[in-house]
Amino acid sequence: PGDSMKVGIFWNLKNQIGKTGRYPYILSNAGTDPLNLFLTASVVTEMDKAVPVSAKPFKLELATTPTATIDSIDFVLTNRSDRDYTCMVVSFPIEQGEVVVPERLKAKSEARGFIRLKPEYADTEFKGSLTIAYLGSQPGRISIPVRFQKYGAGAK
């Protein structure tokens, strides 16, 4: 009690399309009754049509092979709305990488961001996600899966 921490909640959507929700329970030593949450999501087949702001690529894949290393990747945030947004990283629980997002995303425009693998973690595979909030008159969030994988000789 009185302390805080981040908790990740994942669920398998299988082949579900459209609105979905789950009721996770959170148990803690703060009391005997569990906290019951209701989480919702909209599952779409075409990301660009889901929200006013989207990202491409939809997954950020970093990798190393015996002949090449992809230790950074750019992504583009697209704003299809008539509103300007301020962007900020809400969650990036991956200490192996650093991320830069554009500070402003003007109406009907695109802006670039990037993720880069920190050199000291070149031998550490990971996966997680980057969540970006866009703040303005109609705020929202988007999450982008992120992975670093080693291929070929010496891969784990």
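Trainee: Which element gives the most to the lining of the largest pocket?
Mentor: That is β14, which contributes seven residues to the lining, where strands are DSSP runs (E, at least two residues) and helices are runs of H or I with at least four, numbered from the N terminus. This is a predicted model, in which local features need pLDDT of at least 70 and side-chain atom pairs count only at pLDDT 80 or more, while totals for chains, interfaces and linings use all residues. Residues are numbered from 1 along each chain as its sequence is written, and side-chain values use heavy atoms, with hydrogens and water left out.

Trainee: What volume does the largest pocket have?
Mentor: Its volume is about 1600 Å³. A pocket here is an open set of points on a 1 Å grid over the protein atoms alone, where a 1.4 Å probe fits, with protein on both sides within 12 Å along at least five of seven lines, and lining residues have an atom within 4 Å of a point. The volume is the space filled by probe spheres set on the points, which are joined across faces, edges and corners.

Trainee: New topic: is Thr-64 buried or exposed?
Mentor: Thr-64, which sits in strand β6, is buried because its relative accessible area is 14%, and buried means under 20%, exposed over 50% and partly exposed in between, with a 1.4 Å probe and protein chains only.

Trainee: What does Thr-64 touch?
Mentor: Leaving out residues up to four places away in sequence, Thr-64 touches Thr-69, Phe-148, Gln-149, Lys-150 and Tyr-151, a contact being heavy atoms within 4.5 Å.

Trainee: How many helices and strands are there in the chain?
Mentor: The chain has zero helices and 14 strands. Of its 156 residues, 27% count as buried, and residues 24 or more positions apart account for 55% of the contacts with a separation of 6 or more.

Trainee: What box do the C-alpha atoms fill?
Mentor: Taken along the principal axes, that box is roughly 55 × 45 × 35 Å.
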